[in-house]
Amino acid sequence: MSIDMSQFHEAFFEESFEGLEIMESELLDLDVGAGDVEIINTIFRAAHSIKGGAGTFGFMNVSEFTHVMETLLDEMRDGSRGVTQFAVDSLLQSVDVLRTMLEAARDKTDVDEEMVAERYATLEAILKNEGGEAADAPASSAPTQEEVSTAPGNNSGWKIDFVPHPDLLMTGNNPVHMFKALQEIGELSAVVNLDKLQPFTEGSPEDLYLAWELTLTGSATKEDVLEVFEWVEDECDLSVASLDGEGKAAPEPEVVAAPVVPAAASVAPAPVAATPAKKAKIESKQKKTPEATSIRVGIDKVDEIINLVGELVITQSMLDQAGDDLEALADSVSSDGGETQKANAEILLRLSKGLAQLERNTRELQEGVMRIRMLPISFVFSRMPRLVHDLSSKLSKKIELVVSGEETELDKTVMENIGDPMVHLVRNALDHGVETPDIRVAAGKPETGTLNLNAFHQGGNIIIEIKDDGAGINKAKVLAKAVEKGLVSEDDNLSDHEINNLIFAPGFSTADVVSDVSGRGVGMDVVKTSIAKLGGTVSVSSEEGKGSTFTIRLPLTLAILDGQLVTVGSESYVIPLIAIIESLQVDRKRINQVAGKAEVYKLREHYIPIIRSREVFGLEDDTRDLHDSLMVVVEVEGAPAGIIVDDLQGQQQVVIKSLETNYRKVETMSGATILGDGTVALIWDVNGMVNVHKRKLNRNTTRA
Amino acid sequence: MARILVVDDSASMRQMVTFTLKGDGHDVVEAGDGVEALACAKVDTFQVVITDVNMPNMDGITLTRELRGLPNYRFIPILTLTTEASTEKKMAGKAAGATGWLVKPFNPDQLLATVKKVLG
């Protein structure tokens, strides 16, 4: 039977990567010195499964590599080897290597043999050095055959004395089946020996009291014969002798031709005589954990549905407007009198009710479909314990990682792209935030620093917080550096918040010594950009000596956006609600004109820049006096700015259509959408708006 | 053809074993660990049980012992799937009442030959 094993590869890779994650997280939980047997057992089991599967599915290098890890774990498990930090770290690194090997096997690419060999050698060295007994176990050698095969040469057959112990049947073995197996490798004749048969009144009907003298002729080797009896070695007395050695055993009169049916007396009911299968409910066979069962669906299929639902939402909002008109029409028709017209009004009302229901259904459908793309953020958080472990030993710091909210769900695409920025922020917190133990103790803090990772929903957004109790941001130093780099000027009078957030400016680095952990200060602005690409924002708040909190704010999904509709000129635009702090009516008294043409607005205690959207878009702007104009206060890079618009319309969910794929990138716009009345509205990129505004301003001031 | 219970915590191994056995005309029920298998065995009847040894919740050795304690499973062939290194596992399986073993890694032909060996 030839079976294409590659059809099982996907399942194998999937469970192997899961296994690696289990190994990693359990290794991180493993206490050096007194290793918890249960934890080691879990790690061992994961390694063992990967090894078994790899061997079965033909990934021999993976199987060999895992074998060494497994041997090491086995010795830790039975206590013959201590759990040392070095061994744990080696195993962790081996997990990485194994992951690379599996990825290479999955993607059919080459693996870095040198790296594998190096890691393999380290593991072997551990096995050899610190007195483990099984140190010399060869890596996945073929099963050693101790039996020396007797020369098959001119041996004509075997005489087999087979005396089963009474309990042989209890193991599920059946002499009849063994004889059948013998028949397949030669010509078999059998003589049953009834000497030990018990009287009917004695013995148990389940015990076996028969014995056989078997004669097998043909070319079978002794090994072949022994293999048939391999499973019952301990449940019988067996002798196998060459027919040639002892002279040919003459066929005896009592020969019973095989297949031998044991005499009625003392044989247990045949195992196959089981009752017909009852139609009982068998519990789900797939589940390993109490998780809900799942199916695998290509992401393109899901996206196609999401796109269709998006179209449905647009159609729905068109109908919604028609529904309002219908109700008005129904009112006027019914007030006009006439029976027929009243009936018509009735129909119109029913139609409008139907539309209201359609709206509700559409919304629920949309939410349901969106949820398909949602995954718990634990997918990203689970990378962090390892990172913290590795970094704290590298930096000689003591850090405890506290994770909460890992069940918070977010969009798959957002998830895939938020990992790297988060890793960077965590690295940064460990490198620049948390102090070394001696500094912490000197500052009266506990020796071990704490890094909190938290995720939660807040008003249609996901908030991720990365909080450390380290040194906090040294504002004086940040400001000095920013001035030195020409990012701000000394008399810019920045708020604490603004100073802290200068660290996200391009090319900014405050570390006295550039370390190999957090890089060279090219990171924070990249973090900001990556998060902005996801439609999110990042900001930091910090208190010197107490610690810093980085807050990432992300939209729930990339496909739909909660927007504020505004009018500028003859066009409607959408401002992402996530960016809006508040909207207000401008009070002339609060406007200040500073250096050249820049206008600022006094919003409570702070001055915020005023951005005239008409100016940004190059439209005619005759409103010199902004009094009573509408201003939308948005947050850009942690700092507020006020954008003047002509009119505010309602808030609404819009389906985002990419401008880049359908047109081209526009600096001030992040996308487009279709409104209920069928018109296209552009979605603002408030960052881009602020940048364009700044450029225009600079041009004006240099001209002045 | 027989009704066979396949017990393994690895989904890919279960897939492979099930596919092979079904291809040979057998009826297969899968279980992910010993606890699940025991629950299946109590409400259904199987002519052969094939179980992995290393599993969470309940391992294959314990499962074998538990099955042998059930009236319907005293004589049913129980095969353990073990790795080449673990001679003691084969023996532990035997001690618990297993009929025999199949050494990992094995290919579909070896699996079918082994099943044939216990079914006759």
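Setting aside neighbours within four places in sequence, Asp33(B) is in contact with Asp9(B), Met55(B), Pro56(B), Asn57(B) and Met58(B), where contact means that the C-beta atoms, placed from the backbone, lie within 7 Å. Asp33(B) sits in the loop between strand 2 and helix 2 of chain B; helices (H or I, at least four residues) and strands (E, at least two) are DSSP runs numbered from the N terminus. With 21 C-beta neighbours inside 10 Å, Asp33(B) counts as buried. The cut-offs here are 20 or more other C-beta atoms within 10 Å for buried, 12 or fewer for exposed, and anything in between for partly exposed. Val6(B) is 27 residues away from Asp33(B) along the chain, yet their C-alpha atoms are separated by 9.6 Å.

This is a predicted model, in which local features need pLDDT of at least 70, side-chain atom pairs count only at pLDDT 80 or more, and totals for chains, interfaces and linings use all residues. Residues are numbered from 1 along each chain as its sequence is written, while chains are lettered from A and ligands numbered from 1 in the order in which they are written.

As for how the chains meet, 48 residues of chain B are in contact with 42 residues of chain A. On the chain B side, the elements giving two or more residues are helix 1 (11–23), strand 2 (27–31), helix 2 (34–43), strand 4 (78–83), strand 5 (100–104) and helix 5 (108–119). Helix 1 of chain B supplies the largest share, eight residues. Sorted by class, this side of chain B has 22 nonpolar, 14 polar and twelve charged residues. Ala, Val, Leu, Ile, Met, Phe, Trp, Tyr, Cys and Pro count as nonpolar, Asp, Glu, Lys and Arg as charged, and the others, Gly among them, as polar.

Chain A has 19 helices and 23 strands, and 31% of its 704 residues are buried. Of the contacts in chain A between residues at least 6 apart in sequence, 70% join residues at least 24 apart. Helix 11 of chain A (residues 384–395) has twelve residues and should span 16 Å at 1.5 Å a residue, which agrees with the 16 Å between its end C-alpha atoms; the expected span is 1.5 Å times one less than the number of residues. Ser396(A) follows helix 11 of chain A, with a positive phi near 50°.

Now to the strands of chain A, which pair if DSSP finds at least two bridges between them. Strand 12 (residues 547–555) runs antiparallel to strand 10 (residues 461–468), joined by eight bridges, and Glu465(A) stands opposite Thr551(A). Seven bridges join strand 12 of chain A to strand 11 (residues 537–543), again antiparallel, with Ser542(A) partnering Ser548(A). Strands 11 and 12 of chain A form a hairpin with three residues between them, and Gly545(A) in the turn has a positive phi of about 85°. Elsewhere, six strands make an open sheet in the order 15-19-20-18-17-16 (chain A), with mixed pairing. Its edge strands are strand 15 (580–585) and strand 16 (591–593) of chain A.

Where pLDDT is low, the predicted coordinates should not be read in detail.

Note on methods: Two residues are in contact if their C-beta atoms, placed from the backbone, lie within 7 Å.
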